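Reader: Could you take me through one part of this model at close range, starting from a single side chain? I'd be glad of a connected story that I can follow on screen.

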Amino acid sequence: MSVYTTEIASDKIPSDNVIHQRLLSAYHQAKPYIKGNLLELGCGEGRGVELLAPLANSYIGIDKIKSVIDNLEQKYSYYKFLSGVFPPFPFEDNSFDTIITFQVIEHVKDDEGFIKEIHRVLTPGGRALITTPNIKMTLSRNPWHEREYTGDELTALCKKYFEKVEMKGIAGNEKVMEYHERNRLSVQRLMRFDVFDLQHRLPAGLLRIPYDILNRMNRNKLKETSDELVKSITVKDFNLRDQDEQNLDLFCLITK
(Lines give C-alpha, C1' and ligand atoms only; values in the text may rest on other atoms or scores of the structure.)
Protein backbone atom coordinates (compact mmCIF):
# COMPACT_ATOMS: atom_id res chain seq x y z
CA MET A 1 0.00 0.00 0.00
CA SER A 2 1.31 3.41 -0.97
CA VAL A 3 1.88 6.08 1.63
CA TYR A 4 -0.28 8.97 0.47
CA THR A 5 1.11 11.75 2.66
CA THR A 6 3.33 12.12 5.68
CA GLU A 7 0.04 12.02 7.64
CA ILE A 8 0.09 8.25 7.08
CA ALA A 9 3.20 7.19 8.96
CA SER A 10 4.40 3.84 7.70
CA ASP A 11 6.10 1.05 9.63
CA LYS A 12 8.01 0.33 6.40
CA ILE A 13 9.72 3.75 6.17
CA PRO A 14 12.62 3.95 8.68
CA SER A 15 12.34 7.71 9.18
CA ASP A 16 8.66 7.30 10.16
CA ASN A 17 9.47 4.98 13.05
CA VAL A 18 9.01 7.47 15.91
CA ILE A 19 5.64 8.65 14.55
CA HIS A 20 4.52 5.10 13.86
CA GLN A 21 5.38 3.97 17.40
CA ARG A 22 3.63 7.01 18.87
CA LEU A 23 0.45 6.23 16.93
CA LEU A 24 0.68 2.54 17.77
CA SER A 25 0.99 3.32 21.47
CA ALA A 26 -2.62 4.54 21.58
CA TYR A 27 -3.82 1.08 20.55
CA HIS A 28 -1.81 -0.53 23.33
CA GLN A 29 -3.22 1.93 25.86
CA ALA A 30 -6.74 1.20 24.60
CA LYS A 31 -6.60 -2.56 25.28
CA PRO A 32 -8.15 -2.46 28.80
CA TYR A 33 -11.15 -0.51 27.51
CA ILE A 34 -12.19 -2.78 24.62
CA LYS A 35 -15.40 -4.75 25.05
CA GLY A 36 -18.45 -5.87 23.09
CA ASN A 37 -18.99 -4.58 19.57
CA LEU A 38 -16.09 -2.37 18.48
CA LEU A 39 -16.15 0.39 15.85
CA GLU A 40 -13.01 2.12 14.60
CA LEU A 41 -13.63 5.47 12.93
CA GLY A 42 -10.73 6.23 10.60
CA CYS A 43 -9.03 2.84 10.70
CA GLY A 44 -6.43 3.89 8.12
CA GLU A 45 -4.21 1.04 6.99
CA GLY A 46 -5.21 -1.09 9.99
CA ARG A 47 -2.38 -0.28 12.39
CA GLY A 48 -4.30 -1.59 15.41
CA VAL A 49 -6.63 -4.22 13.96
CA GLU A 50 -4.61 -7.26 15.05
CA LEU A 51 -4.11 -5.77 18.51
CA LEU A 52 -7.67 -4.76 19.40
CA ALA A 53 -10.17 -6.58 17.17
CA PRO A 54 -9.60 -9.99 18.86
CA LEU A 55 -10.56 -8.40 22.20
CA ALA A 56 -14.03 -7.49 20.93
CA ASN A 57 -17.11 -9.53 20.04
CA SER A 58 -17.14 -7.87 16.62
CA TYR A 59 -15.10 -5.25 14.77
CA ILE A 60 -16.00 -2.75 12.05
CA GLY A 61 -13.47 -0.32 10.60
CA ILE A 62 -14.42 2.63 8.42
CA ASP A 63 -12.17 4.97 6.43
CA LYS A 64 -12.58 7.27 3.44
CA ILE A 65 -9.83 5.78 1.24
CA LYS A 66 -11.46 2.92 -0.67
CA SER A 67 -8.21 1.33 -1.86
CA VAL A 68 -7.08 1.06 1.77
CA ILE A 69 -10.39 -0.57 2.73
CA ASP A 70 -10.12 -3.00 -0.19
CA ASN A 71 -6.70 -4.12 1.06
CA LEU A 72 -7.96 -4.52 4.61
CA GLU A 73 -10.89 -6.64 3.43
CA GLN A 74 -8.47 -8.99 1.71
CA LYS A 75 -6.09 -9.13 4.67
CA TYR A 76 -8.76 -9.48 7.39
CA SER A 77 -11.68 -11.22 5.71
CA TYR A 78 -13.17 -12.15 9.09
CA TYR A 79 -13.73 -8.48 10.07
CA LYS A 80 -15.92 -5.87 8.41
CA PHE A 81 -14.60 -2.74 6.69
CA LEU A 82 -16.46 0.13 5.04
CA SER A 83 -15.33 3.11 2.98
CA GLY A 84 -17.06 6.43 3.45
CA VAL A 85 -16.85 10.01 4.67
CA PHE A 86 -18.32 10.87 8.06
CA PRO A 87 -20.22 12.24 9.91
CA PRO A 88 -22.92 10.97 9.77
CA PHE A 89 -22.23 7.28 10.41
CA PRO A 90 -24.10 4.53 8.51
CA PHE A 91 -25.13 2.70 11.68
CA GLU A 92 -28.24 2.35 13.85
CA ASP A 93 -28.57 4.02 17.24
CA ASN A 94 -26.95 2.19 20.19
CA SER A 95 -24.94 -0.16 17.95
CA PHE A 96 -21.49 -0.23 19.56
CA ASP A 97 -20.16 -0.83 23.05
CA THR A 98 -16.75 0.68 22.25
CA ILE A 99 -15.60 3.22 19.67
CA ILE A 100 -11.99 4.13 18.96
CA THR A 101 -10.94 7.01 16.74
CA PHE A 102 -7.26 7.82 16.77
CA GLN A 103 -5.81 10.93 15.08
CA VAL A 104 -9.05 11.53 13.17
CA ILE A 105 -11.11 14.33 14.74
CA GLU A 106 -8.55 16.95 13.70
CA HIS A 107 -9.36 16.07 10.07
CA VAL A 108 -13.15 16.30 10.46
CA LYS A 109 -14.78 19.58 9.43
CA ASP A 110 -17.88 19.07 11.56
CA ASP A 111 -16.24 18.03 14.81
CA GLU A 112 -19.35 18.71 16.89
CA GLY A 113 -21.43 16.57 14.54
CA PHE A 114 -18.75 13.90 14.87
CA ILE A 115 -19.07 13.80 18.66
CA LYS A 116 -22.87 13.89 18.43
CA GLU A 117 -22.83 10.86 16.12
CA ILE A 118 -20.48 8.97 18.45
CA HIS A 119 -23.00 9.53 21.23
CA ARG A 120 -25.85 8.32 19.01
CA VAL A 121 -24.30 5.00 18.00
CA LEU A 122 -22.81 4.12 21.40
CA THR A 123 -24.82 1.82 23.65
CA PRO A 124 -25.82 3.19 27.07
CA GLY A 125 -22.72 2.80 29.21
CA GLY A 126 -20.59 2.48 26.08
CA ARG A 127 -17.25 4.23 25.84
CA ALA A 128 -15.34 6.05 23.09
CA LEU A 129 -11.59 6.70 23.03
CA ILE A 130 -10.33 9.68 21.07
CA THR A 131 -6.74 10.72 20.39
CA THR A 132 -5.61 13.86 18.61
CA PRO A 133 -2.44 15.99 18.64
CA ASN A 134 -1.98 18.31 21.60
CA ILE A 135 -1.74 21.77 20.02
CA LYS A 136 0.51 22.86 22.88
CA MET A 137 3.21 20.56 21.45
CA THR A 138 2.61 21.24 17.76
CA LEU A 139 5.71 22.54 15.97
CA SER A 140 4.08 24.14 12.93
CA ARG A 141 0.74 24.46 11.19
CA ASN A 142 -0.43 21.19 9.68
CA PRO A 143 -2.48 22.01 6.56
CA TRP A 144 -4.08 18.55 6.63
CA HIS A 145 -5.78 19.41 9.93
CA GLU A 146 -8.99 21.39 10.17
CA ARG A 147 -7.97 22.40 13.70
CA GLU A 148 -6.08 21.15 16.75
CA TYR A 149 -7.11 21.24 20.42
CA THR A 150 -5.93 21.85 23.92
CA GLY A 151 -7.13 19.32 26.46
CA ASP A 152 -9.66 21.81 27.83
CA GLU A 153 -11.01 22.58 24.36
CA LEU A 154 -11.61 18.94 23.48
CA THR A 155 -13.15 18.32 26.90
CA ALA A 156 -15.57 21.21 26.38
CA LEU A 157 -16.55 19.89 22.95
CA CYS A 158 -17.23 16.38 24.29
CA LYS A 159 -19.20 17.69 27.26
CA LYS A 160 -21.80 19.09 24.88
CA TYR A 161 -23.01 15.49 24.47
CA PHE A 162 -21.34 13.45 27.22
CA GLU A 163 -21.51 13.92 30.98
CA LYS A 164 -18.55 11.61 31.64
CA VAL A 165 -15.38 12.96 29.99
CA GLU A 166 -11.90 12.02 31.20
CA MET A 167 -8.90 13.73 29.61
CA LYS A 168 -5.54 12.01 29.63
CA GLY A 169 -2.59 12.08 27.24
CA ILE A 170 0.10 10.11 25.44
CA ALA A 171 3.53 11.18 26.71
CA GLY A 172 7.06 10.18 25.78
CA ASN A 173 10.10 9.27 27.88
CA GLU A 174 13.53 10.91 27.68
CA LYS A 175 14.40 9.31 24.32
CA VAL A 176 11.15 10.44 22.75
CA MET A 177 11.51 13.97 24.07
CA GLU A 178 15.10 14.14 22.83
CA TYR A 179 13.77 13.33 19.35
CA HIS A 180 10.99 15.89 19.80
CA GLU A 181 13.51 18.58 20.74
CA ARG A 182 15.72 17.79 17.75
CA ASN A 183 12.62 17.93 15.58
CA ARG A 184 11.62 21.29 17.08
CA LEU A 185 15.03 22.82 16.37
CA SER A 186 15.00 21.45 12.83
CA VAL A 187 11.53 22.86 12.17
CA GLN A 188 12.62 26.20 13.61
CA ARG A 189 15.48 26.33 11.12
CA LEU A 190 13.05 25.69 8.27
CA MET A 191 10.59 28.29 9.54
CA ARG A 192 13.27 31.01 9.37
CA PHE A 193 12.62 31.14 5.63
CA ASP A 194 8.90 31.80 6.15
CA VAL A 195 9.48 35.50 6.83
CA PHE A 196 5.93 36.42 5.81
CA ASP A 197 4.33 33.72 7.99
CA LEU A 198 2.76 32.09 4.94
CA GLN A 199 2.07 28.89 6.89
CA HIS A 200 -0.72 30.76 8.66
CA ARG A 201 -1.73 33.14 5.87
CA LEU A 202 -2.19 30.82 2.89
CA PRO A 203 -5.15 28.46 2.37
CA ALA A 204 -4.47 24.93 3.58
CA GLY A 205 -4.85 23.49 0.07
CA LEU A 206 -1.87 25.47 -1.20
CA LEU A 207 0.34 24.32 1.66
CA ARG A 208 -0.21 20.56 1.60
CA ILE A 209 2.29 19.59 -1.09
CA PRO A 210 5.15 21.81 0.18
CA TYR A 211 4.33 20.72 3.75
CA ASP A 212 4.61 17.06 2.80
CA ILE A 213 7.86 17.59 0.91
CA LEU A 214 9.47 19.52 3.77
CA ASN A 215 8.10 17.14 6.39
CA ARG A 216 9.54 14.12 4.59
CA MET A 217 12.89 15.89 4.12
CA ASN A 218 12.94 16.77 7.81
CA ARG A 219 12.16 13.22 8.96
CA ASN A 220 14.84 11.82 6.67
CA LYS A 221 17.38 14.35 7.96
CA LEU A 222 16.56 13.53 11.58
CA LYS A 223 17.08 9.85 10.85
CA GLU A 224 20.40 10.47 9.10
CA THR A 225 21.77 12.55 11.97
CA SER A 226 20.20 10.49 14.80
CA ASP A 227 19.81 7.07 13.22
CA GLU A 228 20.31 5.02 16.40
CA LEU A 229 17.86 7.18 18.35
CA VAL A 230 15.18 6.95 15.63
CA LYS A 231 15.59 3.18 15.31
CA SER A 232 15.65 2.55 19.05
CA ILE A 233 12.30 4.13 19.93
CA THR A 234 9.49 1.63 20.43
CA VAL A 235 5.92 1.69 21.66
CA LYS A 236 7.28 1.07 25.18
CA ASP A 237 8.81 4.57 25.17
CA PHE A 238 5.31 6.10 25.28
CA ASN A 239 2.90 6.05 28.19
CA LEU A 240 -0.57 7.16 29.21
CA ARG A 241 -0.73 9.81 31.91
CA ASP A 242 -3.01 12.50 33.33
CA GLN A 243 -3.73 15.68 31.42
CA ASP A 244 -0.59 17.78 30.96
CA GLU A 245 0.47 20.43 28.46
CA GLN A 246 3.61 18.39 27.71
CA ASN A 247 1.65 15.36 26.47
CA LEU A 248 2.23 14.77 22.78
CA ASP A 249 -1.34 13.62 22.11
CA LEU A 250 -4.63 14.05 23.90
CA PHE A 251 -6.26 10.78 24.98
CA CYS A 252 -9.91 11.39 25.77
CA LEU A 253 -12.29 8.81 27.27
CA ILE A 254 -16.00 9.57 26.98
CA THR A 255 -18.82 7.42 28.39
CA LYS A 256 -22.47 7.50 27.39
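What is the relative accessible area of Asp70?

Author: Happy to! Asp70 has a relative accessible area of 28%, which makes this residue partly exposed; on that scale, buried means under 20%, exposed over 50%, and partly exposed lies in between, using a 1.4 Å probe and protein chains only. Before we go on, this is a predicted model, where local features need pLDDT of at least 70 and side-chain atom pairs count only at pLDDT 80 or more, while totals for chains, interfaces and linings use all residues. Residues are numbered from 1 along each chain as its sequence is written, and side-chain values use heavy atoms, leaving out hydrogens and water.

Asp70 has a partner: Lys66 forms a salt bridge with Asp70, and their closest N and O atoms are 3.1 Å apart. The term asks for a side-chain nitrogen of Lys or Arg within 4 Å of a carboxyl oxygen of Asp or Glu. Both residues sit in helix H3 (residues 66–75), 4 residues apart, or about one turn of the helix. Helices (H or I, at least four residues) and strands (E, at least two) are DSSP runs, numbered from the N terminus.

Across the whole structure, a search finds 14 salt bridges. Glu181 is partly exposed at 33% relative accessible area, and Arg184 is partly exposed at 28%. Elsewhere, salt bridges that share partners join Asp93, Glu117 and Arg120 into one network.

Asp111 gives us a link of another kind. Its salt bridge goes to Arg147, with the closest N and O atoms 3.5 Å apart. This pair connects distant parts of the chain, 36 residues apart: Asp111 is in helix H4, and Arg147 is in the loop between S5 and helix H5 (151–158). Asp111 is buried, with a relative accessible area of 15%.

Two strands pair if DSSP finds at least two bridges between them. Strand S6 (residues 164–172) and strand S8 (residues 249–255) pair in the antiparallel sense over 7 bridges, and the partner of Ile170 in S8 is Asp249.

Rings deserve a look too: there are 12 aromatic pairs. The rings of Tyr27 and Phe102 have their centres 4.8 Å apart and their planes at 80°, so they are edge-to-face. Rings of Phe, Tyr and Trp (its six-membered ring) pair if their centres lie within 6.5 Å, and planes under 30 degrees apart count as stacked, over 60 as edge-to-face and the rest as tilted. Both Tyr27 and Phe102 are buried. The rings of Tyr78 and Tyr79 are edge-to-face as well, because their planes are at 70°, with centres 4.7 Å apart. Tyr78 is exposed, at 57% relative accessible area.
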